[in-house]
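This report goes through a protein chain and its two ligands. The sequence and the coordinates come first, and the description follows.

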Amino acid sequence: MSKTLLITGGAGFIGSHVARLFVTKYPDYKIVNLDALTYAGNLENLKDIEQLPNYTFVKADITDASAVTALFEQYRFDGVIHLAAESHVDRSITDPNAFLQTNIMGTANLLNAARSVWKDDIGGKRFYHVSTDEVYGSLGETGYFTEATPYDPQSPYSASKASSDHIVRAYGNTYKLPFVITNCSNNYGPNQFPEKLLPLFINNIRHHKPLPVYGDGKYTRDWLYVIDHARAIDIVYHEGKNAETYNIGGFNEWQNIALVKLLCHKMDEKLGREAGTSEQLITYVKDRPGHDKRYAIDANKIKNELGWSPSVTFEEGLGLTIDWYLANQEWLDHVTSGDYQKYYEQQYT
Ligand code: NAD
Ligand code: DAU
C-alpha cells in the first residue's frame with residue numbers, strides 16, 4: 001500500500017461517497033473508515049465496497065481520545081480526511097452539547113493524535129478538515145462568500161464548525177501541522193439522511209405527508225451534487241496547497257420555496273401523479289430560530305487554481321437523486337424507523 005488514509009465519518013452521507021471514491025480510485029491506498037455509527041451513520045451506504053481488500057471499517061468515537069490515539073499508533077496514517085460531525089442545524093438548536101463535543105473536542109482529539117504520531121516526520125502528511133460555508137454566517141440579497149469572508153457563525157452547529165476550523169489553523173500555525181480546509185455549500189444526492197430538506201421532502205411526498213417549509217420559504221441555499229463534493233475533496237487532498245482554504249459550491253442558488261415547487265413538479269412526473277398534486281402538500285410552519293437568510297459561494301479559487309468545477313447540472317443531479325430515493329425505498333424505510341419517528345414528532349408537531 002502506497003499510503004494509509006484515515007477517513008472519519010465515512011458511514012455518513014458525504015463521507016460514504018468520499019470513501020467509495022478513494023477506495024475504488026486508489027487501490028494502492030489503504031483506507032480506514034472511522035465512524036461512531038450515530039443515527040446518521042449507516043453501513044448500508046458502504047455495502048458495495050466493504051469487501052474490498054484496501055478498505056477497513058473501525059467503529060469508534062472521535063470524542064474518545066484514547067481510542068483515537070491508539071488507532072493512529074496502530075496505522076501511522078499518512079493523511080486524514082475528517083468529515084465526522086454532528087451536521088444538522090435543527091438538532092444543534094435542540095441539543096447543542098453533542099455538537100460541541102464531537103465537532104470541537106473530537107476534532108481536537110484527531111489533531112492531537114496526528115501531531116503526536118507525525119512529530120518526527122511531517123513529510124507528505126496532511127490533515128484535511130471538511131467544513132461548511134455556514135461558518136461565514138448569512139448573506140443579504142447580494143454578494144458571495146469568499147475565502148476571505150470573516151467568520152460569523154449563527155447557530156450552535158456553525159459555531160462548532162467555525163471553532164474546529166480555527167483550531168485546525170492554530171495547530172498548523174503553532175505546531176506546523178500540515179493541513180488544508182474546505183468550506184462547502186449545501187450537498188444533495190443519494191444516502192442523505194431524511195432530516196435534511198431534499199430527502200425529507202422526497203420521503204414526505206412519497207407518503208402524501210405535509211412539506212414543512214420554514215418561515216416564508218424565501219431563504220436561499222447554493223446546492224451541490226454530493227459526488228462533485230467528493231471529487232473536489234479528492235483534488236484538494238492531492239493538489240491543494242498546504243495551509244490554504246478552498247470554498248466549494250455549486251454556482252447554483254435556489255430560494256427554498258422555488259426548489260420545493262420544482263421538486264414537487266418532478267416528483268409528480270416520476271410518480272405518475274397529476275401535475276400540482278404534491279404542491280398541495282406544502283405547509284408553511286414556524287421558522288427555524290436564527291435562520292440564516294442566504295448562502296452563496298464564490299468557488300472561483302478552487303476552479304481557477306485546481307481546475308475543479310461541478311460535473312453534474314442541477315437538472316441532472318436532482319433527477320438522479322429522486323430516482324435513487326425511489327429505487328431505494330428499503331434504505332429510506334430502515335433509516336426512518338425507530339428513533340426517527342421520535343425526532344420527527346419533536347421537530348414538526
Ligand atoms: P452526516 O450527518 O450525514 O454524517 C456524519 C457522520 O459522522 C455519520 O456517519 C456519523 O455516524 C459520524 N459521526 C458523528 N459523530 C461522530 C463521532 N463522535 N465519532 C465518530 N463518528 C461520528 O453528515 P454529512 O452531511 O455527511 O457531513 C459530513 C461533513 O461535511 C460534516 O463535517 C459537515 O459539517 C460537512 N459539510 C456538510 C454539508 C452538507 O450539506 N451536508 C456541507 C458542507 C460541509
Ligand atoms: O451550507 C452547508 C450546510 O448545509 C451544511 O453544513 C449542513 O451540515 C447541512 O445540514 C446544510 O444546512 P442547512 O441548514 O442549510 O440544510 P437543511 O437541509 O437543514 O435546510 C435547507 C433549507 O431548508 C434551510 O433554509 C432550512 C429549510 N428547511 C429545512 C428543513 C429540514 C425547511 O424549510 N424545512 C425543513 O423541514
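Ligand 1 has 29 residues around it, of which I14, D35, S87, Y157 and K161 come nearest; a residue counts as near a molecule if one of its heavy atoms lies within 4 Å of it. The model is predicted: local features need pLDDT of at least 70, side-chain atom pairs count only at pLDDT 80 or more, and totals for chains, interfaces and linings use all residues. Residues are numbered from 1 along each chain as its sequence is written, chains are lettered from A and ligands numbered from 1 in the order in which they are written, and side-chain values use heavy atoms, with hydrogens and water left out.

**Contacts of the two ligands**

| Ligand | Residue | Part of residue | Distance |
|---|---|---|---|
| ligand 1 | G12 | backbone | 2.9 Å |
| ligand 1 | D35 | side chain | 2.5 Å |
| ligand 1 | K161 | side chain | 2.7 Å |
| ligand 2 | Y214 | backbone | 2.8 Å |
| ligand 2 | R221 | side chain | 2.8 Å |
| ligand 2 | Y348 | side chain | 2.6 Å |

Taken alone, ligand 1 exposes 840 Å², and the protein buries 96% of that. For ligand 2, the protein covers 95% of the 690 Å² of accessible area that the ligand has on its own. These areas come from the Shrake-Rupley method with a 1.4 Å probe; for residues, only the protein chains shown count as cover.

**Composition of the shells**

The shell around ligand 1 draws at least two residues from each of α1 (13-25), β2 (29-35), β5 (126-132), α5 (156-175) and β7 (186-188). Helices (H or I, at least four residues) and strands (E, at least two) are DSSP runs, numbered from the N terminus. Strand β5 gives the most to this shell, with three residues. By class, the shell around ligand 1 holds 15 nonpolar, 11 polar and three charged residues. Here Ala, Val, Leu, Ile, Met, Phe, Trp, Tyr, Cys and Pro count as nonpolar, Asp, Glu, Lys and Arg as charged, and the others, Gly among them, as polar.

Around ligand 2 there are 26 residues, and T132, D133, Y157, R288 and Y348 come nearest. Elements α3 (89-94), α6 (197-206) and β8 (211-214) each supply at least two residues of that shell. Its classes are 12 nonpolar, seven polar and seven charged residues.

**T132**

T132 is found in strand β5. With 7% relative accessibility, T132 is buried, a term for under 20% relative accessible area, whereas exposed means over 50% and partly exposed lies in between (1.4 Å probe, protein chains only). The T132 side chain makes a polar contact with the side chain of D133 at 3.4 Å and reaches the backbone nitrogen of E134 at 3.0 Å.

**The chain as a whole**

The protein chain has 12 helices and 12 strands. Of its 349 residues, 56% count as buried. Its C-alpha atoms fill a box of roughly 65 × 45 × 40 Å along the principal axes.

The whole structure contains zero disulfides, each being a pair of cysteine sulfur atoms within 2.5 Å. C184 is buried at 3% relative accessible area, and C264 is buried at 0%.

How values were computed
Polar contact = N/O pair within 3.5 Å; in protein donor to acceptor, adjacent residues only side chain to side chain.
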